[in-house]
Each structure stands twice: as C-alpha cells, then as structure tokens.
Amino acid sequence: MIKRLARCIREYKWATILSPLCMIGEVAMEVLIPLVMADLYDYGIVMQNMTVVVTKAIQLVLCALASLSFGVASATLASKAATGFARNLRHDMFHHVQEFSFSNIDKFSTASIVTRLTSDVANLQMTFQMMIRMAIRSPMMLILAMFSAMGISVRLSLVFCVALPVLVLALIALIPRVFRIFDRVFKTYDKLNNVVQENIHGIRVVKSFVREEKETEKFTGISGSIYRDFCTAERIIALNNPIMQLCVYGCMLAISWIGAGMVVASGNNPALGLTTGELSSMFTYTTQILSSLMMLSMVFVMLTMSRAPLKRCHELLTEVPNLTSPTENAVMEVRDGSIDFENVGFRYSEAAQHRALKEVNLHIPSGATVGILGGTGSSKSTLVQLIPRLYDVSEGSLKVGGVDVRDYDLDVLRDQVAMVLQKNTLFSGTIKETLRWGNPDATDEELIHACKLACAHDFIVGFPDGYDHRIEQGGTNVSGGQKQRLCIARALLKKPKILILDDSTSAVDTRTDALIRQAFREEIPGTTKLIIAQRVASVQDADLIVIMDHGVVVDSGTHDALMERSSIYQEVYYSQQKGGKQ
C-alpha cells in the first residue's frame with residue numbers, strides 16, 4: 001500500500017528528501033548545544049576565562065541560528081511535500097473514479113468515495129508531514145543524544161536502559177487496542193457522510209413530511225458513535241503521557257542522585273568523576289532522549305490513525321474498473337444506430353442469483369423510434385443502460401452498428417449514444433454552459449435550435465438573462481419539466497446516432513410531449529430513438545413498441561398489432577383512455 005501511494009509524491013520528491021536532511025541538521029545542532037554549554041560553564045565561568053566564555057557564547061549563537069535555519073527549511077519543505085502529496089493523491093483517486101463503472105461505484109457507495117477523497121486524504125497528508133519530520137527527528141534525537149550522553153558518562157547512561165523497556169512495553173500494550181477503534185471509526189464516517197448527503201439532497205422531502213427531528217436523531221446517533229469511539233481511543237492514548245512523565249522524572253532523580261555523587265568524587269579522582277557542566281548536560285540529554293521517545297509514541301499513534309485511511313485510499317486506487325476499452329484493435333467508429341440484442345441476459349453482480357434481464361432478443365434498425373413500456377421493476381432502464389456499456393451483458397451479445405459493444409472504444413461508443421436518464425442532473429453554471437456539456441463547441445445558433453426541438457427555448461428567453469441565466473447545483477431553481485427539457489436539449493447537441501429517453505418527459509404536459517416527439521420525427525429522422533414511457537400516448541406512433549415484464553420482453557410490435565393480440569397492452573391502453581376521459 002505504501003509503495004503504491006508513494007507514487008503520488010512525484011514532483012515533490014526533492015522536497016520529501018531535503019526536509020528530513022534539514023531535520024537531521026536541526027537535531028545535530030540541538031544535541032551539540034549542551035556540550036558547548038558544559039564547556040562554557042566548566043572552562044569559562046568556573047575558570048573565569050573570558051576568552052573561553054566569549055568563544056563558547058559565539059558558538060552557542062551560531063548553533064542556535066543554524067538549528068533555527070534548519071528547522072524553518074525542514075518545516076517549509078515538509079509542508080510543500082505533504083500538501084503536494086495530498087494534491088496528487090486526490091487527483092489520482094478522482095481521475096481513477098472517473099473510469100469506474102456503475103457497479104464499481106455501487107461497491108464503495110457514493111458517501112464512502114467522498115469520505116476517501118476528503119477526510120482520508122487529509123489524514124494521510126498530516127501523517128505524511130509527520131513522517132518526514134517527526135518520524136526522522138525522534139529516532140535521530142534518540143540516537144545522537146544517547147551517544148552524546150554515553151560520551152559524557154557510560155555509567156549514568158545506564159539509567160536509560162531501565163526507562164526504555166518500560167516505554168516500549170507501554171506502547172506495545174496500547175497501540176493494538178487503538179488500531180481496532182480507528183478501523184471502526186473511519187467506517188462510521190462513511191455512514192455519517194451518507195446521512196448528511198441523503199438529508200441535504202432530499203431536504204424538500206424531509207421538510208414536507210416534517211421529518212427533521214427523525215433525521216436529527218439519525219445524525220446524532222452516528223455522530224455520537226464517532227464521539228464515543230474517539231473518546232475511548234483518546235483515553236487509551238492518554239495513558240502514554242503519565243507513563244512517559246514517570247520515566248522522565250524517574251531518570252532525573254536517578255541521574256541527580258548518582259551524578260551528584262560523581263561530582264563530589266571528581267574532587268578526589270577527576271578521571272572517574274563528573275563536572276558540574278557535564279551533569280547539567282546530562283539533564284538536557286535526559287529530556288531530549290525521553291521527549292524523543294514521547295514524540296516517537298505520537299508518531300505511532302498517528303500511524304495507527306492513518307492505517308485505516310491508507311487502506312481505504314489504496315482500495316480506491318487499486319480497484320480495477322470492470323468496464324474498459326479493448327486493449328487492442330478497438331473499433332473507433334460507430335457505423336449507424338442499429339441495435340441488436342441477441343439472447344441477452346444480465347445480473348447486477350456475479351453473485352446475484354436473480355437475473356434482471358432474461359433472453360432478450362430485439363432487432364432495431366437505424367433511425368427507428370422504439371417505445372418501451374412496462375411496470376415498475378420490469379428492467380426497462382436496465383435494458384437501455386446496456387447500450388452505452390454503463391453495464392456489460394452477462395449472457396449473449398449486444399451489437400450497435402453491427403459491432404459488439406465490447407469491441408468499441410468506450411469514449412467512441414458513448415459519444416454516439418445520448419441518454420436522458422430518469423433522474424435528471426444539471427450542473428451549476430449558466431444555461432449555455434449546462435447545454436454545452438453535450439457539445440463544448442456548439443454555437444449559439446445550435447444551442448437555440450436544440451432548445452427549440454426540446455421545447456425549452458420559450459421558457460429560457462423568459463428568464464431575465466436568457467441563455468446566460470444561472471442554473472443552481474442540481475437545477476433547484478428550475479421546475480421538473482424545465483429540467484427535463486434542458487436535459488433533452490443537452491443530449492440533442494451531441495448529435496448522436498442513438499438517443500435514449502428514460503421516462504424523461506414525465507414532468508411535461510401531453511401537448512409539449514407531442515411537440516417534442518414531432519420535432520424528433522422531423523429533425524432527427526436518422527437517429528435511433530428509444531423512449532421509455534408510462535403513457536401509451538408517448539409511444540403510440542413508434543415504429544416498434546416493446547412490452548417488458550420482470551426482465552422479459554413479453555411482446556413487441558406496432559400499436560395496431562399490439563392492440564390486436566396483447567392483453568397487457570390493451571389493459572394499459574384502455575385504463576389510460578378511461579382515466580383521460582374522467
């Protein structure tokens with residue numbers, strides 16, 4: 001996982017390398033300062049030698065300035081490297097998600113993908129910065145300070161050999177418990193994001209059903225679960241501090257007791273004793289050694305927290321899209337809009353026992369208008385989503401323009417299939433910008449022509465800014481019917497060979513629906529049109545009407561032919577006629 005994510009460093013490689021090197025320089029200066037201080041006290045102040053005092057004072061200033069410079073450089077480079085790493089990681093994940101099929105997205109869920117791209121990356125950014133600073137500083141400070149202390153007195157340095165095992169055992173006891181908690185917390189974050197996303201997206205429904213209190217309870221429950229988990233983790237981590245303080249002050253007392261005796265003994269045998277300056281340096285090294293261990297324990301805590309985000313980001317990056325273009329000899333041109341379903345069967349997953357589509361056989365010539373009728377759950381939308389390879393067939397084959405859809409380059413195929421889905425989505429921006437999703441190079445005249453075909457031009461010019469009117473995110477400032485017509489116009493601008501309308505005129509009146517269908521017949525006769533509808537009137541004049549029930553094509557034919565032989569079609573037709581008369 002680390003090897004894969006390390007590729008995201010890229011152009012920030014030198015900042016990542018130089019930051020730890022500068023940190024080593026900072027640590028070396030900090031370890032050197034107590035030695036200079038010892039000489040200043042022993043050979044300058046005690047001996048009343050002003051030359052030594054001045055020399056050592058200058059050395060202290062230079063060491064302090066060098067330490068400051070190294071520290072600033074390390075922090076600056078680490079910040080640049082960490083933010084750059086996070087940017088590249090987020091970029092790679094987002095671009096990889098763009099290649100996912102619907103089934104890949106369903107596997108993770110939208111809320112989980114959002115969490116991984118935001119919170120998880122932020123956690124990894126903080127961990128990365130700590131790794132190239134604290135994870136270098138702590139062990140280097142420990143090693144250099146330990147060697148410096150041993151250089152002063154091996155006997156006194158043995159005190160640390162008692163403290164170190166205590167701290168290591170404490171870390172070994174605490175960290176595994178924290179691992180499990182943080183694994184659970186980041187999964188709960190997915191649930192929290194899902195609740196927030198659902199609530200904000202459906203806020204109109206929430207308010208219309210007066211469910212604010214229930215939604216608040218749901219949010220509070222999940223948020224409380226995260227709070228309790230973090231409190232438990234923090235309580236466990238907090239045990240590290242008193243253990244650390246016990247070791248620090250224990251070492252201080254031991255060094256004071258033993259060191260004082262050595263200072264007194266130095267009067268009789270200087271070779272076996274200890275100077276006052278050296279004893280003060282030992283106190284400094286004690287603080288440095290044990291504080292570096294404390295920082296090292298915090299690094300372990302951060303690594304514990306980042307283990308779950310690391311795994312989750314790696315999962316997203318290494319997920320293999322199950323719909324890809326052929327690696328060799330991909331077909332780069334869609335000849336026409338003919339569609340052939342040959343014994344097509346479909347399951348949403350390999351493990352699913354239920355087949356959403358069963359033995360579908362349909363032959364649709366290029367330029368034909370096909371109506372698709374069926375009850376809720378009859379797999380009408382599933383059928384048309386196979387055409388641009390939003391999903392792949394599980395059995396049989398599906399051909400467009402006489403070529404199996406799996407042989408096409410994906411971009412080429414989807415560029416020739418325009419879909420207006422059941423759930424219309426408009427992105428924020430002006431109407432012109434929204435429409436040009438269909439064709440970025442479309443002229444203003446082409447925009448107006450497409451909008452006239454979709455019966456959208458009249459209401460657009462009614463806005464104060466006309467085609468420069470701003471659409472809010474999701475199209476919340478236009479009606480359902482207006483949104484549907486804008487989506488149809490956007491699809492028409494692609495000038496596709498196949499146009500799929502998935503119940504996309506349900507929010508417009510019957511007259512507007514008829515005008516849109518008339519425009520299709522007259523303006524785009526060469527485009528194959530598939531219209532999923534609930535109203536028989538919307539497909540009555542189609543070249544072919546397909547009746548679906550539970551994933552099976554139970555009948556197909558023209559309106560007149562189905563009126564003669566299909567009891568299902570007759571029942572739907574007469575029920576709607578009766579309802580219309582009432």
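Me: Which helix gives the largest share of the lining of the largest cavity?

Reply: Helices (H or I, at least four residues) and strands (E, at least two) are DSSP runs, numbered from the N terminus. Here helix α7 (residues 154-201) supplies the largest share of that lining, 4 residues. This is a predicted model, in which local features need pLDDT of at least 70, side-chain atom pairs count only at pLDDT 80 or more, and totals for chains, interfaces and linings use all residues. Residues are numbered from 1 along each chain as its sequence is written, and side-chain values use heavy atoms, with hydrogens and water left out.

Me: How many cavities of 30 Å³ or more are found, and what lines the largest cavity?

Reply: A cavity is a set of points, on a 1 Å grid over the protein atoms alone, where a 1.4 Å probe fits but cannot get out; lining residues have an atom within 4 Å of a point. Grid points are joined across faces, edges and corners, and a volume is the space filled by probe spheres set on the points. The search of the whole structure gives 2 cavities of 30 Å³ or more. The largest has a volume of about 50 Å³, and its lining consists of Leu171, Leu174, Ile175, Val178, Ile237, Asn240 and Val301.

Me: Leucine 501 stands opposite which residue in β10?

Reply: Two strands pair if DSSP finds at least two bridges between them. Leucine 501 faces isoleucine 531 in β10; β9 and strand β10 (residues 528-532) are paired in the parallel sense over 5 bridges. Strand β6 (residues 417-420) also pairs with β9 in the parallel sense, over 4 bridges.

Me: Is β9 buried or exposed?

Reply: Buried means under 20% relative accessible area, exposed over 50%, and partly exposed in between (1.4 Å probe, protein chains only). In strand β9 (residues 498-502), 5 of the 5 residues are buried, so the strand is largely enclosed by the rest of the structure. Ile498, Ile500 and Asp502 lie on one side, with Leu499 and Leu501 on the other.

Me: What is alanine 418 in contact with, leaving aside its neighbours within four places in sequence?

Reply: Contact means heavy atoms within 4.5 Å. With those neighbours left aside, alanine 418 touches Ala491, Lys494, Pro496, Ile498, Leu499 and Ile500. Alanine 418 lies in strand β6, has leucine 499 of β9 as its bridge partner, and is buried, with a relative accessible area of 0%.

Conventions
1 Å grid on protein atoms, 1.4 Å probe; cavity = no way out; pocket = protein on both sides within 12 Å on 5 of 7 lines; lining within 4 Å.
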